[in-house]
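Here is a set of questions and answers for working through one protein model. Keep the sequence and the 3D view open while reading.

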Amino acid sequence: MKTQKNTLRSGAMLVAFVSFAISACGGPNASSLRGDMVIWYEQPGEAWLDGLPVGNGLIGGMVFGKTAAERIALNETTFWSGRPQDRDVADAGTHFEYIKEQIWAGNYQEMDSYINANFYGRPNSEQAFQPLGDLMLYFPGVSGAVENYRRDLDMETGITTVTYTSGGVTFRREVFVSYPDKVMVVRVTADKPGALDMQAELKSVFARKVDATPGRIALEGVWTRPDAPPNQLSGLIARMEGEGLRFQTLLETTVDGGQSNASNGRLDITGANSVTMLLTATTSYVTHKDISGNPAAKNEGVMAAARTKSFDTLKKAHVDDFSNLMTRVHLTVGDPAMNNTPTDKRLAAMRSGTADPNLEALIFQFGRYTLASASRTGGQASNLQGIWNEELLPPWGSKWTTNINVQMNYWMAEATNLAETTQPLFDLIEEASGPGAKTAKVYYGIDEGWVVHHNLDVWKSTAPVDAARYGMWPVGGAWLTRHIWEHYEYGQDIEFLKKYYPVMKGAAQFLSNLLTHHPATGYLVTPFSMSPEHGFLYGTIDTPGDKHAWVSPAPTMDIAIIHDLFGYVIESTKILGIDSDFAARLADQLTKLPPYKINRRGTIQEWIYDFDSGPEGHNMSTNYPFFPGNSMLLHRDSDRDLVAAQAKFLEGRPSGGSSWQTRWDLAMWARLERSDMVAKFITDYSISVANNLYNNNRYNQIDATAGNTGGIAEALIQSHAGEISLLPALPATWPEGSVTGLRARGGYEVNMNWSGGRLTSAEISGARGGTILVRAGGTVQEATVEPGKTLKLSF
């Protein structure tokens, strides 16, 4: 259907154009804040997963809201264990041909051990994200029970607030981390003049020197291997002796009324009306190869600018910046009156069977909030714990695990209008491509392109890592580049594509050279790899049995990633008008890859042969072709049998718990347009989150928190198949509602309203405009969005 400028009806869709203006990218004023993204509690936090996170992508803080002795746990984005190192083993490549031949001969189990001994980096593990320390605040006048306690986090503004009354005085604490001014701001006030007595202290297990003078504390430290008891996963963190990064944490205070003194590394403030504290922190990290920076000089530059500004000025700049991100998307479902109940009590009620879609919407926004707080330009990418970690030996090293976890952190970024948060991820990819080119040469003998395996740390080490059951997987970098392509698809920024095309091309060059003709099947394959963290059981070279192994040729996920990568690199060459010969080479190789197959159990085959699943591992990599990939499509007739096979696989998987695995399945059910299963997976996750809405497991990982938001976005809007699909899998438990500000590929923004479980109206706008296909209610129609106007649809 071609729309006209006048209103017209075609089928069930009413279409009209209205003028709209594209506003500048400034933050909203206070009147545009809705106040509908607040979580709150009637008691302080005790455990880590009670804390309320704040951050600006550079500094992270976890705020617990204690009354007499408050702890704000601190992280800095570059503070990691270790120091620059090259883990590539010079002679590793001499083993490549032998491993390939033995794998092709079916000696899978033997090669697991051989690869562990001969084809990994040294050390075989990488480094860990580290806690910087704590800001401790002591309130000697507060003892015993307090009254009227409230602790909250406003996710629109990125401010956490604590209020309580003690001894007839009401105290108020506000904490935020400003991206514009690069400081944490802590404001403490009392409602009676001169009633505020407090002390402030900086702590760190890595401290070397603490200098406290009235109004100022400077803590200087250096990383050395901590004396921490080992845990179940600490073997996945490389031991390194000697010194690493230097750092400084700098605190300055401004006191209104009263007196400020310093002794024994503490500030002692008495008789004040209010205290404003500014904290900044940085390390000597310059690049993954250079740790010669001057933390004190960097901090002084930041503080020199910030200290000249009033609290109100700092707060306004922060709120304008942060709310500009968060207020772009509003999801309205359920009963807003439920917000009058503390969040932990709402969670308890849900666990007892009370439906609360409004809380599910808050959990959706919490995922957006964590990404906006953990990932901003100038910082490192959001890692396994985001930017919040208190452990010296954190699970999995709190690294960037590239076989699902770091990607899941960013699944939501484009669709939920947080495109700016992706720059640290692109920096990570680009920086890793340099060492990755060396690894490609040393390990695989390939001179073109670059490789990343299944993990990265701040030192951008790209050699195979950990052990065969984890790391013999040469397509981690290729998967990462999908985010580059999607950023272009959503934003249509040709200059961005020009800048990052060489990175995508390099990933394709490596795999194009790695693909080898498999003598038994006749296909082009990755010679040896693994289905991420999932072993198989085999008998002979191509049959199931009872022998357990990890590494084989061309697991299905490898092939799916290559399908995607080669496809968008080819498309990029057409858009940019370059590299036609390279594109033709990739196109030819695509025709020679193994096809997707259905195994004897009726689900998608995970390996090149129909092996049985091993006893441990991810066991879900066949999801990739459907999501986040798009080489299998729900509405493509030729994929009908594959769709049915993947649905059968998903039917047997659990929906409960707060693991990242269930969040991938949520996105899959959304792609399969199963509103019933989407609703179940959302609710089952919501009743299992921690009190602060984090993914609630012993690893404190942020991936499921983010993945839940990405999966919900996929249920509300899809645009991966050449059309904009509106409410493709609206949760059955959300019959009434609206959403504003979601994005679709092609440069479009979408608002929607629904009632009775059916879409009632939608608005689609785009600065560039264009002709689009819109899928809604089971029908697809063509429409045109004119530049500078909004397409209004009624149903």
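Q: Is Leu693 buried or exposed?
A: The model is a predicted one. A residue counts as buried under 20% relative accessible area. Leu693 has a relative accessible area of 0%, so Leu693 is buried.

Q: Where does Leu693 lie, and what is its phi?
A: Leu693 is in the loop between α16 (675-686) and α17 (703-716). Leu693 is a residue other than glycine with a positive phi, near 80°.

Q: Which residues does Thr343 touch, not counting those up to four places away in sequence?
A: Thr343 is in helix α5, which covers residues 343-351. Its relative accessible area is 1%, so Thr343 is buried. The residues that Thr343 touches are Ile39, Trp40, Tyr41, Leu359, Asn691 and Leu693.

Q: Is Asn148 buried or exposed?
A: Asn148 is in strand β8 (residues 147-154). Phi of Asn148 is positive, near 55°, in a residue other than glycine. Exposed means over 50% relative accessible area. Asn148 has 61%, so Asn148 is exposed.

Q: How many residues has the largest nonpolar core?
A: Phe119, Met184, Tyr444, Trp664, Leu726 and Met752 have the most contacts inside the largest nonpolar core. Another core, of 12 residues, lies apart from it, with Ile159, Phe176, Ala218 and Phe311 among them. The number of residues in the largest nonpolar core is 224.

Q: Which residue forms a cis peptide bond with Phe627?
A: Trp664 is in contact with several residues beyond its neighbours within four places in sequence, including Phe627 and Pro628. Pro628 is in the loop between β28 (612-617) and α14 (640-651). With omega about 5°, the cis peptide bond joins Phe627 to Pro628.

Q: What is omega for the peptide bond from Arg122 to Pro123?
A: Pro123 is found in the loop between α2 (108-118) and β7 (133-138). The bond from Arg122 to Pro123 is cis, and its omega is near -5°.

Q: Why does the radius of gyration agree with a compact globule?
A: The protein has 17 helices and 36 strands. Of its 795 residues, 61% count as buried. A compact globule with 795 residues would have a radius of gyration near 28 Å, so the value of the protein agrees, at 27 Å.

Q: How far apart are the mean positions of the positive and negative charges?
A: The protein has 69 positive and 85 negative charges. The distance between their mean positions is 2 Å.

Terms used: Residues are numbered from 1 along each chain as its sequence is written. This is a predicted model: local features need pLDDT of at least 70, side-chain atom pairs count only at pLDDT 80 or more; totals for chains, interfaces and linings use all residues. Side-chain values use heavy atoms; hydrogens and water are left out. A nonpolar core is a set of buried Ala, Val, Leu, Ile, Met, Phe, Trp, Tyr and Cys residues joined through side-chain atoms within 4.5 Å. Buried means under 20% relative accessible area, exposed over 50%, partly exposed in between (1.4 Å probe, protein chains only). Contact means heavy atoms within 4.5 Å. Helices (H or I, at least four residues) and strands (E, at least two) are DSSP runs, numbered from the N terminus. The radius of gyration is taken over C-alpha atoms; the globule rule is 2.2 Å times the number of residues to the power 0.38. Lys and Arg count as positive and Asp and Glu as negative; His and the chain ends are not counted. The place of a charge is taken as NZ of Lys, CZ of Arg, CG of Asp or CD of Glu.
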